[in-house]
Amino acid sequence: MIKIRYLQFTSITYRLVFACVMAALLIYGLSFYQMRSLLEQVVTGWVRQVAQSRLDAQAMQIRFALGQVSHDALALAQLDGTHINDPEEIWNALSSRQFIREIALHSKSPAAEQWTGLTVSMDNGQTLSSGKKDAAQALLSLCNKKDESAYWLSPAGQHNLVFCKRRQVDKLIQQDVALLIDLQTVLLDLQKKLYVVDALDQGFMGRARVSNKLNGDILPEATSATAGSPHNRDIVLSSDLPDLPLVLGFELPAQEMTHHLQKYFLIIILSMGKDMLLMCIAIALVSRHTTKALRDLSRSTEEITQGNLDTELVKIPRSDEVGRLSRSFRRMRDSLKLHILELQEVTAARQRMESELAIAAQIQQAMLPSAEAAADPRYSMSSLLQPARVVGGDLYDYFHVAEDRICMAIGDVANKGMPAALLMARTLSLIRTLAHQSGSAGALLLAVNRELVANNPECRFVTMFFAILDLSTCKMQYASAGHDAPLLLRDGQVSKLTLETGPALGLEEDASFPQFEISLLGQDIVVMYTDGITEARNQDNEEFSESRLQTTISQQAPAFAADVIRIVTLAHQQFIAQAPQFDDLTLLSMQFHPQAKRRKPAFADWKISLNGQLLAYDQVKPSLAGLLHAQQVSDEVVDDLQLITEEVLVNVLRHGATDQDPASIRLDVHLQEKEVVLDVVDNSHAYNPLQGISQPDLETDFADRPEGGLGLYLVNALADHIDYNYVQGHNSLHIRKFLVKP
């Protein structure tokens, strides 16, 4: 998932405020249209109710005021001749003066005929002005009925109403009255009274309307901007005046209504924004107060991460999540301190155990035979033991029980680790002790089995192959206790020794172990191994197998016992590759050469002289040590010179000599006052052993290092000075070693 970089908040307060704003925006956004529709319905309904109520109320007032006109007309018709020309008397006779603008009186009698016309001015209050006879006649001329009925009429082309009344006193006396009502005044009054103001002082002006039912006239007159039928969203209200020729109305255009709705909506949005701001402030204050304890706790935990477990955690005496978190951190710190203390104890115990295991491994390796155990030139031994753990359960041994009799044993203890190593050590001790008392291989296995069975409550067992070689007769007796048959390499051919095995040692008290015998020939090699070799598996779960072991040895046809170990080990490592080692690996090879002296594996014969005296290869190091010790040279210098000599000689024999060109080596030792000088001269082909010497990677596992390079590196490191020359077909190496470091 892609993280939005700019939304990575560093504070819970910011995160809560952001969440509050986003939630409010989401809620307000989703309810926008619903809220707008609801607002429109509420406001429109409220305007309709208020406007209709006021319209009806004003209609009643206008109806009442115009209804009094009939009463006023009758009162004026009853004025006598003395008051008909008095404006004040005429004005006082009126009870409804609001909408009356002109008054016309006509009195006709046998004695006289009088005309009176008055005009009501509203400029500076209601004032009267007397008109002429022509004005009264003009107004009364509109009244065309001759009877005494009262009626309304509307002059054509004028926004007025005229109320007419005739009073016939007798056949000789007649009085006519005409009152003119200005509809513009009615409209202005209606517009004033219908002005709507809501609770927020938002005015809904709209337009008042007055319709004249007599001639269909409508005030105000429609202009081009307002002509046409009203819009569907316009508010149009009306109120009819019974008994009067008027219909009052009110119209609020949709455009004006929308304008007011937008103002309401803006007010609501501002109100919601104010609420959101207050809510964010409240959340920020509460969050800051709540997270203060978390910030203190964070600073304390930073101290803990730096390793200061004694830091004092802030105490939060609350029962909410923060309080519980503080108590949890306190328990965690205490548990961590206890765990570290326990871990230190366990680590110390493990280090002691590893140290003890290392000592046990050293002891186990010390129990195995050394190279000096195979000093007899009539045979040579080579071995490999690679435990799967620090200590292992595999074993091998070879030793003399008489001058011409050598015992050889190889075994595999069940399981691995320390218990197997202890049983391995016990078994080796039993073999060496009982071998001198037993006359045959089968008898030896029988005796060892009785000892292991006698005290074995855990039923641990050992598989073993045991052989006794008589060097004088070339005969080898052998027997097996549940162990695989060894291989015999003769004249380049590999075969298994004939073998019928008995049970493993330590299981059956009355077990028997059949014994076999074979006559060995010169240069025969007997290869003994444990199942850690043949049952090893690679990453594809394939087994190395016994057949692969035989094929590897037969294809390489090794000439010496050491070569067998090298060839099998290399093939085994290449096969398993990166697969883990689950079992101990043990190999023991013995080469029989009764007639010839033991030879150093090399490419050709050689001749070595030490200060002109011909020596065998094995005599070089002891002779050199004896010569130097006789001159009181220190052991440290002697050891270094022995190692230097051995590495130089081995390098010449391996890389300088061939079958067609055997090596002849002369080693001259010169003891001087402050140094020992070695001159090594050989007749092999020209090569510089010092060229390209580089420090090997000592951190890499031994099995992963490239072959070669280490010996000459040691020579160069131990010697104080080395020179090389090639003169007249001979390689000359001049080596100097100081007796005392300068």
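Predicted model: local features only at pLDDT ≥ 70, side-chain atom pairs only at ≥ 80, totals over all residues.

User: Which strands are the edge strands of the open sheet of four strands?

Analyst: The sheet has the order E10-E9-E12-E11, and its pairing is antiparallel. An edge strand here pairs on one side only, and this holds for the strand at 218-219 and for the strand at 235-240. These are, respectively, E10 and E11.

User: How many bridges join strand E16 to strand E17?

Analyst: Both strands belong to an open sheet with the order E14-E15-E16-E17-E20, in which the pairing is antiparallel. Its edge strands are E14 (394-402) and E20 (515-519), and the twist from one strand to the next averages 15°. Strand E16 takes in residues 462-470 and strand E17 residues 475-481, with aspartate 470 standing opposite lysine 475 in E17. The number of bridges between E16 and E17 is six.

User: What angle does the direction of helix H9 make with that of E17?

Analyst: Helix H9, formed by residues 441-454, packs on the sheet and touches E16, E17 and E20. Relative to the direction of E17, that of the helix makes an angle of about 30°.

User: On which residue is the kink in helix H6 centred?

Analyst: Helix H6 extends over residues 254-305 and contains a kink of about 35°. Just after the helix, glycine 307 takes a positive phi of about 100°. The kink itself, however, is centred on threonine 291.

User: How many nonpolar residues are in the lining of the largest cavity?

Analyst: A search of the whole structure finds one cavity of 30 Å³ or more, and about 110 Å³ of space lies in the largest cavity. Its lining consists of 15 residues, with Val648, Val652, Tyr687, Pro689 and Leu733 nearest the centre. Among the elements giving two or more residues to this lining are helix H14 (635-656) and strand E28 (730-738). By class, three lining residues are polar and one is charged, while the nonpolar ones number 11.

Conventions
Residues numbered from 1 in each chain as written. Heavy atoms only, no water. Pairing = 2+ DSSP bridges. Axes fitted to C-alpha atoms, helices over the stretch in contact; angles between N-to-C directions. Contact = heavy atoms within 4.5 Å. Bend = angle between axes of the 7 residues up to and from the residue. 1 Å grid on protein atoms, 1.4 Å probe; cavity = no way out; pocket = protein on both sides within 12 Å on 5 of 7 lines; lining within 4 Å. Points joined across faces, edges and corners; volume = space filled by probe spheres on them. Nonpolar A, V, L, I, M, F, W, Y, C, P; charged D, E, K, R; others polar.
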